[in-house]
Amino acid sequence: MTNNQSTKRLIGIFAVGATLLAVVAIAGLVFSTMGTFLVKGAPHLSWSLLSEAPRNNNTEGGIFPAIYGTTLLVLIMTLLGVPIGTITAIYLSEYTRPNAVFPRIIRFAVNTLAGVPSIVFGLFGLGFFVQFVGRGMDTALGNDTALFGQPALIWAAATLAALTLPVVIVSVEEALRTVPREMREGSLALGATRWQTIWKIVLPNSTTGILTGAILAIGRGAGEVAPILFTGAVYSLPQLPDGITSQFMHLGYHLFVLSTQSPDVDKTLPLQYATTLVLLGLTFTLNFSATFIRSRLRQRQMGR
Amino acid sequence: MESEQTQGITPPSDISSKKSSSQEHPFVRRKSNLGERIIERGIALVGGIAVVLIFLILLFVLRESIPLFFQPESKAIGAKSAQTDKNAQKASNDETLKPDIYNPDIILNSAESETIFVPEVYNPDVSLPTQVSSVSASAPVPEEEQDESISLANVLGNAWQPVSTRPKFGILPLIIGTAKTTIVAVLIGAPLGILAALYAAFFVPRRLKEFIKPMVEMLAGLPSVVIGFFCLMTIGSFLQTLFGLDFRLNAVVGGIGLSIAVIPIVFTITEDALSAVPKSLLEASLAMGATTWESAYKVMLPAAFPGVFAAVLLGIGRAFGETMIALMATGNAAMLSASFADPVRTFSATIGAEMGEVIWGSPHYSMLFFLGVLLFLFSFTLNAITELFIKERLAKKLQGG
């Protein structure tokens with residue numbers, strides 16, 4: 001009996017220990033990645049890196065065009081994706097009952113969209129936006145040379161907008177749900193129509209949520225490289241992109257090419273670590289501000 | 001679907017029509033109602049965009065891959081791809097290469113090389129049907145030989161050599177490569193994610209509670225290209241010196257990298273599933289005299305099992321679809337080997353690596369899109385299983401139980 005008891009204790013210690021070990025392993029992963037990039041990247045961060053253009057076949061100089069291209073890309077992506085995602089969320093939470101068929105189909109599609117591999121979005125961007133829409137526009141406008149029918153900033157942004165759509169929809173819908181039912185009912189009882197209620201009551205009270213969705217989408221979109229591989233990103237450019245049809249440099253793509261296809265990988269190693277740090281800084285700032293806003297939002301909801 | 005949309009909008013228009021009948025400002029009211037009705041119709045239309053997007057993705061990825069399997073279009077696309085490719089140039093004056101996959105290309109290239117062989121990078125392959133048909137009529141291609149070359153045997157073969165005079169599109173090495181990295185990733189990532197979620201749910205000291213979730217979110221926030229870079233630079237060398245491996249980049253290194261992407265997914269979904277189990281189960285178990293770990297492992301985990309299963313499935317989906325990590329950390333050699341210490345090449349990495357250099361419209365191009373179709377279908381299936389089967393079952397189990 002005592003033997004049985006001690007075996008049970010041992011299993012218990014083992015069972016709890018295994019979970020603790022898993023957490024320690026994850027913490028190890030987080031700290032080793034962060035530590036590596038901080039230690040190896042921080043010494044090479046400088047103002048000239050952030051502000052200068054690359055020189056000598058991208059082996060020297062700064063990464064300003066890549067930062068500029070990434071910023072421009074996520075900006076256009078946000079302008080394209082966030083309105084659509086917000087409207088979808090409004091439709092799902094304000095105009096439909098949760099158990100009706102069509103909203104369930106939409107939810108299924110949103111979840112499926114979130115699970116589609118990012119490289120497939122890249123193929124979709126190439127096959128649909130560049131080849132179909134872009135060339136269609138060229139034909140319609142009568143362009144002799146390919147203006148829209150080539151990889152470009154606008155197509156990369158559209159592809160990323162499609163990729164980040166689920167992120168926006170889910171977080172905006174969550175935000176819309178934090179608006180209390182009483183406020184909607186009060187508005188409707190005072191004679192406002194449903195659209196007036198949404199426009200004047202629900203949306204102003206969920207702007208933070210929409211902001212969170214946008215920030216999360218940007219954080220996700222800024223780090224994705226696979227979808228823009230064939231839809232507009234290039235390794236080096238003579239000048240900054242000057243329109244939505246030009247190609248652009250991108251931090252993540254820059255890092256990828258520097259570390260795998262550069263003729264002299266070792267020489268650019270400091271540049272690679274510094275680029276990684278800039279990219280991480282960008283995505284983490286965005287993600288943490290989103291998490292912060294969201295936790296404030298949840299507290300507000302709890303407080304009621 | 002149309003009827004569903006209108007159903008969704010019916011309540012607001014009902015309300016507004018009642019309002020307009022209440023005599024106060026009939027004219028003004030009605031005008032705004034019309035505007036609102038348009039807005040609401042618009043919202044319903046935009047709401048369906050996610051559904052449309054899914055269809056568009058499948059449609060257009062499939063559309064680009066179809067020429068691979070259907071003769072007429074293969075000819076057509078091939079004809080349009082008169083491009084500055086080394087294959088085409090090499091073969092343009094070599095008529096002996098006839099029984100080849102690239103055959104239509106090659107012959108037509110030679111026929112057209114004077115006229116269309118301009119340094120134009122993108123061919124308008126959608127907008128030129130008339131020219132194409134005339135070209136393919138002027139350069140007849142032996143049908144039987146073509147049927148042989150684009151056969152299923154080639155696709156199911158065991159060599160992936162897309163860029164050669166006699167290209168081989170055997171996807172077997174890619175399947176094996178993808179399977180190897182996915183297995184490693186899930187074997188590492190799933191237990192870590194599940195156990196960490198158990199710890200966070202049941203065993204965590206109060207002080208650490210606010211610490212674990214941000215940590216996992218940090219891991220989730222790592223861009224995949226950064227994870228790939230980390231594997232390439234650090235994990236690869238580390239494992240090589242530790243075990244004395246022949247190859248610095250191999251299936252295990254890639255798998256470890258992918259597991260970094262898998263852990264947050266498994267953790268989050270498992271945690272959701274555990275917190276969806278009613279607290280009364282845990283309380284009952286503890287009240288019966290079970291210890292915390294017994295309650296966690298023997299009551300709560302089985303109760304949340306469908307959710308955990310869904311977490312693992314979605315983890316698999318992430319692992320096999322992930323591109324940048326696989327592209328940077330697996331070594332990218334399409335080898336047919338069972339060893340996990342050999343370099344591998346996955347589906348997604350193949351698309352990522354080769355699409356940049358391929359001729360638009362060539363069989364190779366179509367083949368890469370076909371790989372994309374396979375990826376899409378696989379992820380769609382996994383997702384459909386979790387959505388339709390597992391979540392339903394979980395809900396039923398927790399409500400009925």
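Buried residues account for 54% of the 304 residues that make up chain A, in a model that is predicted. Among the contacts in chain A between residues at least 6 apart in sequence, 72% connect residues at least 24 apart.

Chain B can be described in the same terms. Its secondary structure consists of 19 helices and two strands, and 53% of the 401 residues of chain B count as buried. When contacts in chain B between residues at least 6 apart in sequence are considered, 74% of them join residues at least 24 apart. The accessible surface of chain B is about 18100 Å², with 64% of it belonging to carbon and sulfur atoms.

One backbone detail in chain B deserves a look. Most residues other than glycine have a negative phi. B:Asn332, although not a glycine, has a positive phi of about 55°, and this residue is found in the loop of chain B that runs between α17 (324-329) and α18 (347-354).

The two chains can now be considered together. Their contact draws 87 residues from chain B and 90 residues from chain A, and the area buried between chain B and chain A is about 7700 Å², with carbon and sulfur atoms giving 80% of it. Polar contact between chain B and chain A, counted where both residues are at pLDDT 80 or more, involves seven residue pairs. The side of chain B that touches chain A receives its greatest contribution from helix α19 (residues 363-400) of chain B, which gives 14 residues. By residue class, that side of chain B comprises 57 nonpolar, 18 polar and twelve charged residues.

How many salt bridges are counted between chain B and chain A? The count is one, and the partners in a salt bridge are the side chains of A:Lys8 and B:Glu294, with a distance of 3.2 Å from N to O. This pair qualifies because a side-chain nitrogen of Lys within 4 Å of a carboxyl oxygen of Glu meets the criterion for a salt bridge, and the N to O distance for A:Lys8 and B:Glu294 is 3.2 Å.

Terms used:
Residues numbered from 1 in each chain as written. Chains lettered and ligands numbered in written order. Predicted model: local features only at pLDDT ≥ 70, side-chain atom pairs only at ≥ 80, totals over all residues. Heavy atoms only, no water. Contact = heavy atoms within 4.5 Å. Buried area = accessible area lost by both parts, 1.4 Å probe. Polar contact = N/O pair within 3.5 Å; in protein donor to acceptor, adjacent residues only side chain to side chain. Helix = DSSP H or I, 4+ residues; strand = E, 2+ residues; numbered from the N terminus. Nonpolar A, V, L, I, M, F, W, Y, C, P; charged D, E, K, R; others polar. Buried < 20%, exposed > 50% of the residue type's maximum accessible area, 1.4 Å probe, protein only. Areas by Shrake-Rupley, 256 points an atom, 1.4 Å probe, with all protein chains shown as cover.
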